[in-house]
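User: I would like to go through this structure with you. Could you start with the pairing of strands and then move on to the core?

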Amino acid sequence: MSIYATLWRLQFPRYGDAYVGCEWVDVLAQGVPAHVGTPTPGYGYESGDPYAAFLPPALRIDDGTPEDELRAVVFVVSTTKKGTSRSGQEYESPPLVLTGAEYAAMPFQVLHDRLCTTLRGDRPGLMMEVFGADGTRTLVFENGSTIPGPPSKKDERSDDSG
């Protein structure tokens, strides 16, 4: 049984920047309910939190933290492997892990930007995509470097205007 509940699944640019012809990946938001690992008696974790090594601190379920709160939200690319030598519930190198409170308070644009930055890694961010009159495209990055954009796919629609 998994400790995660899938909150959503969205496509993000594979390397953090969207441009014509970029590769996309599915990113999943995996919620961990507040009761998972809780020190609150009666939830089965009286001997300790088996997930403390890879999740934010466990929550105490009481008047201030209802059972339906989230302890954490773990963001993974759909191909991310689950299960490590430490725990079968741990994802290998998730791009981002937030507490439930951080996730609840974060505007989606901020979350989107953080995920894209993480997916980008140490590569410079895309600043603009330049479209030439001859059909060429150039990607221009924050550090001033440029690369040719991927070739455009031929428009396969026919012109039946007559």
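Analyst: Val 32 stands opposite Ala 72, which belongs to strand 3. Strands here are DSSP runs of E with at least two residues, and helices are runs of H or I with at least four, numbered from the N terminus. This is a predicted model, in which local features need pLDDT of at least 70 and side-chain atom pairs count only at pLDDT 80 or more, while totals for chains, interfaces and linings use all residues. Residues are numbered from 1 along each chain as its sequence is written, and side-chain values use heavy atoms, with hydrogens and water left out.

User: How many bridges pair strand 2 and strand 3, and in which sense?

Analyst: Seven bridges pair strand 2 with strand 3, in the antiparallel sense. Two strands count as paired if DSSP finds at least two bridges between them.

User: What is the strand order in the open sheet of four strands?

Analyst: The order is 1-2-3-4, with antiparallel pairing. Strand 1 and strand 4 are the edge strands, each pairing on one side only. Neighbouring strands of this sheet are turned by 20° against each other on average, direction ignored. Such angles, from 0 to 180 degrees, are taken between N-to-C directions of lines fitted to C-alpha atoms, for helices over the stretch in contact.

User: Which strands does helix 2 lie across?

Analyst: Helix 2 lies across strand 1, strand 2, strand 3 and strand 4, and runs at about 65° to strand 1.

User: On to the core. Which residues of the largest nonpolar core touch the most other members?

Analyst: They are Trp 8, Phe 12, Val 27, Phe 75, Leu 111 and Leu 115, in a core of 15 residues. Helix 2 (108-120) is one of the elements that supply at least two residues each, and helix 2 gives the most, with four. A nonpolar core is a set of buried Ala, Val, Leu, Ile, Met, Phe, Trp, Tyr and Cys residues joined through side-chain atoms within 4.5 Å; buried means under 20% relative accessible area, with a 1.4 Å probe and protein chains only.

User: What does Leu 115 touch?

Analyst: Leaving aside residues up to four places away in sequence, Leu 115 touches Trp 8, Phe 12, Val 27, Phe 75 and Leu 96. Contact means heavy atoms within 4.5 Å.

User: And the three strands of the other open sheet: what is their order?

Analyst: The order is 5-6-7, with antiparallel pairing. Strand 5 (126-131) and strand 7 (146-148) are at the edges with a single partner strand each, so one side of each has no neighbour in the sheet.

User: Where does Glu 129 find its bridge partner?

Analyst: The bridge partner of Glu 129 is Leu 139 in strand 6. Five bridges join strand 5 to strand 6.

Note on methods:
Buried means under 20% relative accessible area, exposed over 50%, partly exposed in between (1.4 Å probe, protein chains only).
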